[in-house]
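Here is a briefing on one protein model with its ligand. Look over the sequence and the structure, then read the points below.

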Amino acid sequence: MSRFFSSRFASLAPYVPGEQPQDQQYVKLNTNESPYPPSPRTRAAVSDAELARLNLYPDPTGTRLREAIAARYGVKPANVLLANGSDEILSFAFMAFCDAETPVAFPDISYGFYPVYAALYGLAAEEIPLRADFSMDVDAFCASRGMRVLANPNAPTGMALPLSEIERILSSDPDRVVLVDEAYVDFGAQTALPLLAKYENLLVVRTYSKSRSMAGARLGFALGSEALIRDLETIRFSTNPYNLNRLTLLLGEAAVADDAYYMENCKKIAATRERAAARLKELGFTLTPSQANFLFASHPAVSGETLYSALKAQGVLVRHFKKPRISEYVRITIGTPEQMEVLFAAIEDILKGDAACAPQR
Ligand code: PMP
């Protein structure tokens, strides 16, 4: 820390993203990207003529893309906010809806950025413990003070709440914002979108990074009541009105038009997930019931950290969190069937090695 750094950030522990090696030497199953590229029609949206227009600022209102998203989800453009990845929406929401009087609540095991934004904005954060089986204690959530934030499906467990439980949280206090982070919803969980018409306090957050194969383009959006979106726009225009570049806006529009391609990919990924879960169970793993594009797995003979390192040594990257309650697990992003075969072969090797040298814990 330099002597210039504000003392209010003295104890800020920043978010640590998963490894992003810049060569191709790994089978990359560590940051929940799609293993499939964007559709050909999406890629064609960035023409040379469009690149030649980069001398011009983008549309700060993102009107065309907001209209396309609104039509896709059956809402009005005034119900849509665009951002540079859904992380930026989370940042805007924590800034907009919380303060010294209004804290924020989220599960103790969830997306690692929630506590970081809470710390960044100096908010009191209430971490609601998940039960021993990682299921959500909805009653505790309903009793919490402040904005409620939950990922559905949750990360890194992949476990989803039914719509009825989300509605219970929404209706428990209509004066508190409920942010439902649906980064992984397209892989099999129930979306909260049908509740938008009924609850002004609902903010649904989506990303193009997973189901839309565009983690590299940085595009996220939120759907919510006009009142909530207006507040978030105030924050956006006070932060960075040009948060979306021209190319990403075009890619986003093209991807909405090619929705069938992406939904088909989601189905493929969900089917690969189910086959992978069965295979890992045969190999002795314990898994959470994931509805997302990843599996959360632990093995009685190998610690999470050992498994992570041994897989990395074999050229397969997965994610390990050195965190209480989950340090025995690894999170494995669902890749192509071929990538998953490489993973299984590496795991079989590691488990055989372990059997020969005695368990490592
Ligand atoms: N929410 C959750 C639950 C996530 O796992 C991620 C991915 N790290 C994000 C939000 C952020 O995704 P992005 O900023 O790429 O849209």
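## Briefing

Strand 10 (residues 294-298) and strand 12 pair in the antiparallel sense, over five bridges. This is a predicted model, in which local features need pLDDT of at least 70 and side-chain atom pairs count only at pLDDT 80 or more, while totals for chains, interfaces and linings use all residues. Residues are numbered from 1 along each chain as its sequence is written, and side-chain values use heavy atoms, with hydrogens and water left out. Helices (H or I, at least four residues) and strands (E, at least two) are DSSP runs, numbered from the N terminus. Two strands pair if DSSP finds at least two bridges between them.

- Phe-296 has Arg-331 in strand 12 as its bridge partner.
- Contact means heavy atoms within 4.5 Å.
- Axes are lines fitted to C-alpha atoms, for helices over the stretch in contact, and angles run from 0 to 180 degrees between N-to-C directions.

- A second open sheet has seven strands in the order 2-8-7-6-5-3-4, with mixed pairing.
- Strand 2 (80-83) and strand 4 are the edge strands, and each pairs on one side only.
- Neighbouring strands of this sheet are turned by 20° against each other on average, direction ignored.
- Helix 8 (residues 226-237) packs on the sheet and touches strand 2, strand 7 and strand 8. The direction of helix 8 makes about 30° with that of strand 2.
- Strand 3 (residues 104-107) runs parallel to strand 5, with two bridges between them. Ala-105 has Arg-148 as its bridge partner in strand 5.
- Strand 5 also pairs in the parallel sense with strand 6 (residues 178-181), over four bridges. Here Arg-148 is partnered by Val-178.
- Strand 6 and strand 7 run parallel and are joined by four bridges. Leu-179 stands opposite Leu-203 in strand 7.
- Strand 7 and strand 8 (residues 220-224) run antiparallel, joined by five bridges. Arg-206 has Phe-221 in strand 8 as its bridge partner.

**Buried strands and helices**

- In strand 5, five of its five residues are buried. Buried means under 20% relative accessible area, exposed over 50%, and partly exposed in between (1.4 Å probe, protein chains only).
- Met-147, Val-149 and Ala-151 lie on one side of strand 5, and Arg-148 and Leu-150 on the other.
- Strand 7 (residues 202-207) has six of its six residues buried. Leu-202, Val-204 and Arg-206 point one way, and Leu-203, Val-205 and Thr-207 the other way.
- Helix 5 (residues 113-120) has Phe-113, Tyr-114, Val-116, Tyr-117 and Ala-118 as its buried residues. Their cover includes helix 4 (86-97), strand 3, strand 4 (125-128), strand 5 and strand 6.
- Gly-122 follows helix 5 and has a positive phi, near 65°.
- Helix 11 (residues 304-313) buries Gly-304, Thr-306, Leu-307, Tyr-308 and Leu-311. Gly-315 follows helix 11, with a positive phi near 90°.

**Thr-157**

- Thr-157 sits in the loop between strand 5 (147-151) and helix 7 (163-172).
- Thr-157 counts as buried because its relative accessibility is 0%.
- The Thr-157 side chain reaches the backbone nitrogen of Met-159 at 3.2 Å. A polar contact is a pair of N or O atoms within 3.5 Å; within protein, one must be able to donate a hydrogen and the other to accept it, and residues adjacent in sequence count only if both atoms are side-chain atoms.
- Not counting residues up to four places away in sequence, Thr-157 touches Phe-134, Thr-288, Ser-290, Phe-294 and Phe-296.

**Ligand site**

- Residues around the ligand include Gly-85, Ser-86, Asp-87, Lys-210 and Arg-218. A residue is near a molecule or strand if one of its heavy atoms lies within 4 Å of it.
- A side-chain N or O atom of Asp-181 is 2.6 Å from a nitrogen atom of the ligand.
- Tyr-111 places a polar side-chain atom 3.2 Å from a ligand nitrogen atom.
- Tyr-184 has a polar side-chain atom 2.6 Å from an oxygen atom of the ligand.
- The protein covers 91% of the 400 Å² of accessible area that the ligand has on its own. Accessible areas come from the Shrake-Rupley method with a 1.4 Å probe; for residues, only the protein chains shown count as cover.
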